[in-house]
Amino acid sequence: MDPKSEKTARYGMVIDLDRCTGCGACMVACAVEHNVPPAESSATPRTGITWLRVYGMDNGPEDSGRDTAYIPMLCQQCGHDTPCIAVCPQNAVDVDPTTGIVGQVPQRCLGCRYCMTACPYHARSFNWWDPHWPAGMEKTLNPDVSPRMRGVVEKCNFCHARLHQAKAKAALEGKRDIKPADYVPACVESCPARAMVFGDLNDASSDVALAAAAAASFQFLPRLGTEPKVYYRSDRDWIRRKADHTVHSSLTEAEHR
Amino acid sequence: MDKELIPRGVRRTTPGRFLLWLLPWIALLGFGLYGAYLCLAEGLNQTNMDNRFAFGLWIYLDLTVIALGAGAFFTGFLLYIMRREELRAVINSAVVIGLICYSGAVAVLMVDVGQPLRAWFTFWHPNVHSMLTEVTFCLTCYLTVLIIEYAPVVFKNRKLRQVPRFLVFEFELHKLMPVLAGIGTLLSFFHQGSLGGLYGVLRGRPFAFREELGIWPTTFFLFILSAAAAGPSFVLITTWLVQKITRKQLVRPEVFRFLGKVSGILLLGYVLLKTVDTFIWINATSPSIGFAAYSFYRSSSFGTWILFAEIVALGLFPALALISKRMCERPGILVAAAMMACCGVMLNRYVMTVQTLALPTLPFDQFLSYAPSWQEVATFLAVLAYGMLLYSLSFRYMTLFPQERELSRFPGR
Amino acid sequence: MGPTITRRDLLRLAGGSALGVIFSPLPWKLLDDSAIWTQNWSLNPPLSHAPISLAYSTCTLCPGGCGITARCTGGVPFSLTGTKSHPVGRGVLCAAGLAGHQMAMHPLRIVQACASSGRSVGAVISPLEREKAIAAIGAILNGLSARDAPHSVALIDRRPGRALSAVYRNFLSTVPGGLYIVSPSAEDATLTTLQQMAATPAWIGGFDFEQTRTLLSFGAPVLEGWGSPGQVMDIWSKRARTGFRLIQADSRPSRTARLAQTWLQLRPGTETILALGLGHVIIRENLHAHDIKRTTRDFAEYARLVARFDPPTVSALCGVSKESIEETARTIARRPSLVVAGTDPAGGPLPNEARTAIAALNVLLGTMGTRAGIVARNPLPGEPVMPPATTIDQVPDQSIRILIIDGAESGYDIPVSLLRKKVHPQGAIVSLSPLLTPMTAWADYIIPAPAHLELLEEISTAPGAVTCSYALARPLHPVREGSTDPLDFLRLLSAVTAGAATTIPTRDAMLRARADAIHASGRGKVFMPQDGAWIEVKGLATTEQFWQKLSEGGCWIDDGPAQSRSVSFSLLPGGNDEATRCLALLSGSETPEGSSVTVMPYGVRGATASAQVSPILSKIFQESNLKDLDGTALLHPGTATSYGLADGDSATMHNGAGTMRVVVRCDGAVLPGVVHVAAGPRRNNSDAPGCVGGEGILSLCEPGSDGTWRLTTATIGKAHGSEI
Amino acid sequence: MFPWVYEFRWSAGHLIFLGVFFSVAAMIASTLVAALLRTFRDFRKNDADAVRWHVDFEDLPSSARVCRHELTGEVQHRTCHHEFACGTCTGHPQFLLRHTPAAATEDTLYGMHMPGDRMYHRGHTWVRKEDDGTCTVGLDALAERILGDAGGEELPPAGTEIRANGPAWRMSSQGTPVRILAPIDGTVIATGSREQGWYLRVMPREGCFAHLLRGEEIRPWITREIDRLQYAIAPDGGVPTLADGGELVGDLRKQSAGADWDAVLGEMFLEA
């Protein structure tokens, strides 16, 4: 088919850390959207399935005045040298060139967890348990997202199912490109503080592109050279300083710890 | 019956005592298999691994045994390709050890992955850019090679050799050994390397990430070298142990010395390269991605001492000891040095696996700790027990040390 | 004789063909197919293929009343979102609301009438035929009506102001010694205090957040579930532009405190002192409203009282620096500003004098009745004017013979011990809760009501709102067999009760009556979720049309606040004894002796010890350290080490009331000598149906004479053995 | 993996990697197949016995593989690498040129009857050329002594082809099976028995006697054999000397019943 028939997008996100209050609505919305089963009674912050996880970060003692930021950490959709893609032995991780979205194929996944060791953002979860829902709750599953089986890795895919829906809708209306309003990930949609902006970074006029270009916006661990498509913004220097992990900060971090 | 299986002219303990020796290992194997069964049936929630410590005891075990099992390929290489005939005395033993290590590693790997039934997808949809693919391919091929190399040893069992077809097949196979040895060397070379590459390519893990030479990170080559160095040492240690346990002389002293020398030379080379690599890493690689190498060693449990231990205490020292003629005259020192060399390589694998994962990358992250669950330890022990059993049986019923018969007749000759 | 076929030939043939097959595409095709098959294979539940439709309703998990847009497949909701540009919800839902559609399938859901074996934690709860249960309750009732005990029958309504509440009150008025008890939600607490201070008791007010610039909150979890989340978040996220400023006076490093621009970390229980101290500065620096003499009746007495609370004294007592006290006073004096008293969802309300002292600041600053301050609100049309309801702390001990607990959650805890004090030893407790909670487990009879989003319900004015609103919560699930509509319960009960001769309306009639009244008033307009259109009530000819709009998910909003009548307030409603109580505080509270620490329970609205949260919501508590699980004890590292504890340790806390296990979490931001213990929620599936875990830290909190339980003392030490 | 498998990529890396993998796999497979084919070939050429002797010989300790010319002292140290087939040895003719072994001077060695009129095989069989061109094959005295009261001979029926160093016949010495190596190539024409003092009468193939020991070679060989026998019976050196006064003790079995006779038989009859 004609490659130009679909213009290539680079979907990305900008998260305003000055707005986020760490309420966790995004986490719930994400879990509900993707049919993530309820936690096993013995699950911990390190064995849970959290495609999106909100962390708290304090400014170190070297800063004056106590301040806290809450940081929603999801798959950063690395745009270059994507650490997880190269390592997967059986092509269970791939990037869609038309959207820039890094996809995970749980049906293909062997469960070797190499991608999890590779990910610097800890944005991947492994199914340590068989998925299990309380009686009757399986009827409330999202019909667009198939549940994953035990022993496979999964992660955020910018609500890929919603992209499909939007495409279907556009196709129905005989349009080529989807309406930006039709494709909004669950977390962005649910954020009570409206701290998340989502859209096509290639579309210079889009809110997300503008926000990403703004001075106050930044990426986490930019020096790894993975060029995340998830940006953050804050007017607080100490957050930006910590996010841009430098030799200096790494030492003070260790000092702090 | 038992008697007719034991090679002619060698002394073996009574069936009763042999069984007594086997029993604890059989028990251990049973226990271990139960642990493994739990992991397969209930899922990996039985382990203490988690999303952050995605690799645990098992991966460490795999890396280690494969490094130690390198003796098989390297001895084979020296014997069949380099024509160092003196190694014929240990080649069979080396092959058995290799077989144990590799089959054990593969078995554990099957428990370690979340969906063992999909293991073969790696062959079906291989991602050729993944070090793990390289490992999987080479590992399976090399395991086949090892099995083929082990076959002659089995066929030469006193009972089996009575069957003409076995004997002749063994004979013909043996003539082709150099080919297999060559392939084995090639394969080992690559998978030992890719096991190192496994970590070297993790740009998301500044502690492990290394510069690339060609298409491979430096760890690729360091792992090959260290494995080649550890292999002979391990063969040396095992042979020495068997001698001690069975209270027999199995090989001539010069074989020990030769193994030691080979190991020492390789180890020295490894230590030098490792040192260079470490300096480049500290001064260039790690700072370039925003991490001061020093910060990796801030935690109490993983201080700079570990670096010293790895490179100097368990690297340089044993290397020099193994090379020096005078030292090697004394079997005690020889064995001790070989053990240190193996420990050094094991420590390297440990650091690469555990410290890499324990260290935080994100600024709001903690230094993590991990302790294996009993199921993990059990599975680990199962491999040990399996190895013990296979080796004991092989030693009793097959000719692992061709010199034994003669040495038992003409001690010291 | 032709060629004879030997076995060898057959073997050859077999071998040959086997070899041949390998080189044919057959095995590869099979492999590929099986690969695809194994990829799709899984034991997971099948997904619905029914078309996806939208349904509109209103969240009833808390009094907030946010609009819900539900995506349904085959009539079953699978995801909820806030209704776009909803006047109350502002298009968002909180974490709890987002998983609300799963509450009906909660593993601890009760779907049949039950009787409990006892009132201890983990009592065995066995099913009992509903009619039998009600008959038993009726029997007790009839027995009672003979001798008239003071309050023989009491009902706790934790969501007052509903049409149902009115029905309850009617019913209780007909039974001898019937008592209607409310536990007001936190937002209302300040307002009710002001009501008590106001000269005209009918006065109702609301907070005009939208306009205000400075909000001084005394421990109110403003950013963690307060008012309607949408509104608060809206204000918060716009702060950069509007210059909205949050000053949090809180002893605990709560999320709100950490995020607030200013955090005054005061010692536990010194809110009154700080409030009076601020009053002192305001009067000293003449920052109060100039017409203060006119709007208050006892300014002189108040001034005399606060004169004693000079910044150095106050600073010494509450551990907030003298400068920041003065700075804060000046900041709130720069109007528009608001001062609110907090109620921790688990920690409970502040003592009376604190509430008045805090509320008084609003009067002092003259925010009363002014724009961006606390403005008068019109009553909801059709709401019967009734004398103020009793609160639980006003009930004499052991006076209640039958206690009926309504199922609706306020999102705030009441310790079982507090209720236990009020109930007669031989009394019976009836719970109407659809979920097994510590409070339900404590009841003798359980007549479970339908769960969240199973019943046609109403949500009226959000707490603290300036304009009243009204919406219907349309059911998204069918009512589960075995659950009982509280109205039916009343009907059945009055049937078996002598004298209770009220007729209980049907749910439909009950709600329609409200709707009709609103329509009759002709005020306000209706928001339609389908298209976000606004419809003037005047524009709707018949009440039927108005009802129609409401049942389509419409939300009625009143036209703006009532025009403010000048009301005069008393700054010290308690008079002299209140003043003396305040002065007593100057002598400083006794610090806990010896090895014991000050314990403060805390919780998240709707996720407290006596509540059950959706299994998905509890993921947040369990699978991230964003929020604290039940029994998490926050300590200052120093305090921890002084008790030989380290981060992650399991410790036991003990006092006269009991003993409990906690998990230590060290936090440098916690005040030394203080332990904040999370009350609820528990780990997922951790309490099996039939036996629910206790109410945690609340079981250690003995409610004081003033009805508060936010502060208690206990000893803490490293846990050994398996003591519970 | 294969071009027809879903998601196969025609990238360079792919082709190189898979290329290498497949060639390696192919090599491993072909090695196996080659070994199998060669095995079948050997059987078709019924070289099985030759192979067996080859393997056995490989496994012999060097002490058992001493060259006959070392025995006679013509050379200081020389180990046989030609499976005792002196006909194929390049060195042997030169040794013969330098020195042809003289006839034996005595018939009794260490009290054993070892007549010089016959040739001896390293596997302790003797061959006597008869006038009618046939050969008689029997066990030498040392063998008889070692076997003690052996029995259960399985002699090949007349007409059987035997090959030098291949198995001639089997017998068992007190339960331990022993295979006796054939001294020469030829066809069995008659079978004897232990009582008769000979076992086979063979029609020999031309010129297959080069490898047999004769004349003055016999004594040093027997000496060396007794030496080996002593070590075989008592490895730890503490040897109850077998030869007392130049005579080998009567009943070896009784003399050293404690010895590992299975090993001894293997050692002396060149069987691994």
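Ring pairs join A:Tyr55, A:Phe218, A:Phe220, A:Tyr232 and B:Phe364 into a cluster. Keep in mind as you explore that this is a predicted model. Across all chains, the count of aromatic pairs comes to 52. Let's look at some of them, and then at a few other features of chains A and B.

**Two aromatic pairs in chain A**

- The ring centres of A:Tyr11 and A:Tyr183 are 5.0 Å apart and their planes meet at 80 degrees, so this pair is edge-to-face; planes over 60 degrees apart get that label.
- Where do A:Tyr11 and A:Tyr183 lie in chain A? A:Tyr11 is in strand β1 (residues 11-16), while A:Tyr183 is in the loop between α4 (160-172) and α5 (186-190), so the pair ties together parts that are 172 residues apart in sequence.
- Are A:Tyr11 and A:Tyr183 buried or exposed? Both of these tyrosines are buried.
- A:Phe220 has a relative accessibility of 0%, so it counts as buried.
- A:Tyr232 is likewise buried, at 0% relative accessibility.

**How confident is the prediction for chain A?**

- Chain A has a mean pLDDT of 90, and 93% of its residues reach 70 or more.
- Which elements of chain A have the lowest and the highest mean pLDDT? Helix α8 (residues 247-256) has the lowest, at 65, and strand β10 (residues 230-233) has the highest, at 97.
- Where pLDDT is low, the predicted coordinates should not be read in detail.

- Helix α5 (residues 88-112) of chain B has 25 residues.
- From its first C-alpha to its last, α5 of chain B reaches 36 Å, close to the 36 Å expected at 1.5 Å a residue.
- Why is α5(B) described as largely enclosed by the rest of the structure? The reason is that 20 of its 25 residues are buried.

**A nonpolar patch on chain B**

- B:Leu19, B:Leu20, B:Leu23 and B:Ile26 make a nonpolar surface patch of about 400 Å².
- One of these residues, B:Ile26, is found in helix α2 (residues 15-42) of chain B.
- B:Ile26 has a relative accessible area of 42%, so it is partly exposed; that class lies between the 20% and 50% cut-offs.

Key: Residues are numbered from 1 along each chain as its sequence is written. Chains are lettered from A and ligands numbered from 1 in the order in which they are written. This is a predicted model: local features need pLDDT of at least 70, side-chain atom pairs count only at pLDDT 80 or more; totals for chains, interfaces and linings use all residues. Side-chain values use heavy atoms; hydrogens and water are left out. Patches are made of residues with over 30% relative accessible area and no salt bridge: like charges are joined within 9 Å, nonpolar side chains (Val, Leu, Ile, Met, Phe, Trp, Tyr) within 5 Å. Accessible areas come from the Shrake-Rupley method with a 1.4 Å probe; for residues, only the protein chains shown count as cover. A salt bridge is a side-chain nitrogen of Lys or Arg within 4 Å of a carboxyl oxygen of Asp or Glu. Helices (H or I, at least four residues) and strands (E, at least two) are DSSP runs, numbered from the N terminus. Buried means under 20% relative accessible area, exposed over 50%, partly exposed in between (1.4 Å probe, protein chains only). pLDDT is the predictor's confidence in each residue, from 0 to 100. The expected span of a helix is 1.5 Å times one less than its number of residues. Rings of Phe, Tyr and Trp (its six-membered ring) pair if their centres lie within 6.5 Å; planes under 30 degrees apart count as stacked, over 60 as edge-to-face and the rest as tilted.
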